[in-house]
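Trainee: I would be grateful for a close look at one part of this model, the place where two chains meet. Please take me through that contact in one connected account.

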Amino acid sequence: MQLATDSCAKKTRMTPGQFFLKHNTLIIFFILLIISSLASPSFLTKQNVFNVLRQQAPIVVMALGLLLVLLTGGIDLSAGSIAAVGGMLIAMMVNKVGNTVGSLFLSVIVMLVLGVIIGLIMGVLITKVKMPAFITTLAFMTIGRGAAYMFTSGQPVRLNKELPGALWLINFGSKTSPALGIPWAVIVYAVIIAIFAIVMKYTSFGRLIIASGSNAEAVRLSGVSVNKYITSAYMICSCMAVLGGILITARAAIGTPSAADGYEMDAIAGCVIGGTSLSGGKGKVGLTILGVFTLAMIGNIMNLLSIASYPQQVIKGLIIIGAVILQNLSSKKE
Amino acid sequence: MAEQTYRVEMKNINKSFGGVKALNDVQLTVKPGEIHALMGENGAGKSTLMKILSGAIQKDSGQVFLDGCEIFVKSPKEANDLGISIIYQEFALVPHLTVAENIFIDRLSEDNKGFISWKKLRGSARQLLDELGFNDIKETEIVSDLSIAYQQVVEIVKSLSRNSKVLVLDEPTALLTNKETRHLFRLLLDLKEKKNVSIIYISHRLEEVFEICDSVTVFKDGTYVDSVDIKDINEQELVTMMIGREMSDYFPERNCKIGEETFRVTDLNNGRMVRNINFGVCKGEVLGISGLVGSGRTETIRAIIGADKKESGKIELYGKELNIKCPRDAFKNKIGFLPEDRKNQGVLLELPIRHNATISCLSRYTGPCGWIYKNNETKDVTELTGKMNLKCSSIEAPVKSLSGGNQQKVSLSKLIASQCDVLIFDEPTRGVDVGAKREIYALINSLAEQGYTIIMVSSEMAEIVGMCDRALVFRNGTIAGELNGSEITEQNIIKYAMGVGENATCN
Ligand SMILES: Nc1ncnc2c1ncn2[C@@H]1O[C@H](COP(=O)(O)OP(=O)(O)OP(=O)(O)O)[C@@H](O)[C@H]1O
Ligand SMILES: [Mg+2]
């Protein structure tokens, strides 16, 4: 990391320097990858890699949703709490009605729709009532967290293995697919990433989301209903948060009201490390995912090296600062 | 020319952006106490050179002298301290602050050591505004609430307040009407004569240059063409110097039959600025809207297309009443609009030209699930930008990398691409060079000939006179007069705009 920044500072006028700045997310990712695999032999083992991939599932889907919101120039602080709500409700619901696998799927769909509705409410408050996104989603952050505790007076809800639906969910969270032993959750989010990447790059929806964040007034005056696009970003974001919560519950086989605390911050940090601009209009799906895993890798290697958790947090923060400085440098050079 | 010290001398200046060479070994010399015009087509490098002078960007190589001493300006603040101040083409005001705060933005608390004395600040701003004759601007108004022309005035006041030795104005009059322009010229001549200030004046309006400038330097495509005294040159020669060829009639002939009325606005009202507006426009007709700054022209247009909520009024197209609540409704009903404020309302600076051009008509290029057919889009945008003579490295380049005039062409392309039946242009030629202006006029003509209904708001009277079949003159939020065909003359427009001869109707 240190090495990387130094060489860039010296070579900004030269092509390698420019190359570095242009692809900094990718290069930092690979440098970290190399350093990590040298630092710990257990880092590049199949088990560890799959572990990291599976652990990051909720953060990845939340980061995708947050990317849309950040692209419109907004922010969503509620994602972690909404995930907890989703995780709690799915556990309670499956334990109630999970007699069949079909009812499990129905419950998941109901939960995702609930997420969309929550996002719709936030979107309307932000675009129509003109509340600042920060405050609106901060309010939903506390509402969501409070609700998650209220459902069971703070008790976690263990999935009932006897029920086929619940068992299916537990297996989904813990088992791996026949394909190379990749965890199911990873396959699910790989598909979602692909959908997001295609939508953002090739459809009018993606383009207008970015345009709305770039200059909302100009887009509005061009005859596009900006509010619709901004609201749908929040709808998708909350839906993704609920999905994240379901993935957490599936993995742990238990719904906890304190789940996903602060995940939205990791997701936002992942977006920003991937070059997403907090003022909107700039950000890529692929780079966001890379950002999320950069952050995850830092955490993972520090765990493997048994660095204590307090210094871990400090180091993580410093690396985020470093990555964002690089982003700024590269956007200036353009 | 022996031993003359120039106030400003810039020698062998080079500047590239990425691969694009914006300035190639150019020079500029300005004497003390002269008004020096800097001219050239869009993208010639005028603004770039001025940004180098003011320290906003850094030159790649070359020398800059101020009163004979070489200077190395690294930031706008240093330039300011040296007595160089500049009014940028795209303004640099802080939108959420008041007029007073903006004028004194770098001197908010000079004598109070970090504490702002609001009374004093407002007092000095008021005094300055009065002194310079802009009495109708309140010092406590928030800048973003001002019309864009008044924002320009604030920008001018801000620069004039600094007692600088060198004052650069990059297209200051692009949005001003006659009255403010006259006023500005008086102030500039005063500065030149009384304070011996050197003024560098960039404009695409030839008549202004001949009126107040003493000499002119011409650039073309980032290179230096020549410097001459204004008295040694005429308009035709200057145009030839700029565009490298002769240009015939400035306003091309339009050859079209005016059809029946297609678009009508009845009893439109919105606050103080839009009162009882009634007018109709016909197929194939170009209707001009003129008036002073703040006369309600833009506000009327915004109310028509739903950018602002209107209080009352009926808008009809082909005899059918439309319910327009937002710009989207307007575009859906085939009423398209070009905003006057390009930077904030016209273009998406960070996004490529291609995305900008098709944003109003994206549905034409999309299939199932909003899938964009990029090839069709690229083909159409390439064709359109070719027709508009847009100077760009590729249609994938972000709009912010274009010169001001070329950004305007992107904004225009967007409107043209929307294929609306009624096209409303608010200052269509703002900041575009003479050659491109003629192309835009020709384009508007061909649109009229194809049967589009056209409304054109313009602060440039020559444009209204040269282009319109009929003109409405606005004053204080209402239509003060209507002029037909040969009645459209500068005198008649001024008469109505200023409110003289109120009773002499022209219908
Ligand atoms: N930030 C930038 N990045 C890339 N290219 C740029 C940038 N700024 C200017 N250019 C290029 O430099 C050239 C000169 O631009 P400049 O703005 O100086 O033109 P100009 O003479 O002021 O034109 P106009 O009359 O349209 O304002 C143009 O080709 C423009 O595309
Ligand atoms: Mg310019």
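Mentor: In this predicted model, eleven residue pairs are found in polar contact across the interface of chain A and chain B, with both partners of each pair at pLDDT 80 or more. On the side of chain A that touches chain B, helix H10 (184-202), helix H11 (204-214) and helix H12 (216-221) of chain A each contribute at least two residues. H11(A) accounts for the largest share of that side, with six residues. Sorted by class, the side of chain A that touches chain B consists of nine nonpolar, eight polar and three charged residues.

Charged partners also meet across this interface, where two salt bridges are found between chain A and chain B. One of them joins Glu217(A) to Arg302(B), and the closest N and O atoms of this pair are 3.8 Å apart. That distance falls inside the 4 Å limit applied to a salt bridge.

As for the extent of the contact, 20 residues of chain A and 30 residues of chain B take part. The size of an interface is often expressed as the accessible area lost when the parts come together. Here the area buried between chain A and chain B is about 2,000 Å², and carbon and sulfur atoms give 59% of that area. Within the area that chain A buries against chain B, Arg207(A), Leu221(A) and Ser222(A) supply 34%, more than any other three residues.

Helix H1 (46-53) and helix H14 (404-417) of chain B each provide at least two residues of the shell around ligand 1, and H1(B) gives the most, namely three residues. There are 18 residues around ligand 1, of which Lys46(B), Ser47(B), Thr48(B), Ser401(B) and Gly405(B) come nearest. By class, the shell around ligand 1 comprises four nonpolar, eleven polar and three charged residues.

The side chain of Lys46(B) places an N or O atom 2.8 Å from an oxygen atom of ligand 1. From the backbone, an N or O atom of Gly405(B) lies 2.7 Å from an oxygen atom of ligand 1, while a polar backbone atom of Gly404(B) is 3.4 Å from an oxygen atom of ligand 1. Ligand 1 has 640 Å² of accessible area on its own, and the protein covers 84% of it.

Terms used:
Residues numbered from 1 in each chain as written. Chains lettered and ligands numbered in written order. Predicted model: local features only at pLDDT ≥ 70, side-chain atom pairs only at ≥ 80, totals over all residues. Heavy atoms only, no water. Contact = heavy atoms within 4.5 Å. Buried area = accessible area lost by both parts, 1.4 Å probe. Salt bridge = Lys/Arg side-chain N within 4 Å of Asp/Glu carboxyl O. Polar contact = N/O pair within 3.5 Å; in protein donor to acceptor, adjacent residues only side chain to side chain. Helix = DSSP H or I, 4+ residues; strand = E, 2+ residues; numbered from the N terminus. Nonpolar A, V, L, I, M, F, W, Y, C, P; charged D, E, K, R; others polar. Near = heavy atom within 4 Å. Areas by Shrake-Rupley, 256 points an atom, 1.4 Å probe, with all protein chains shown as cover.
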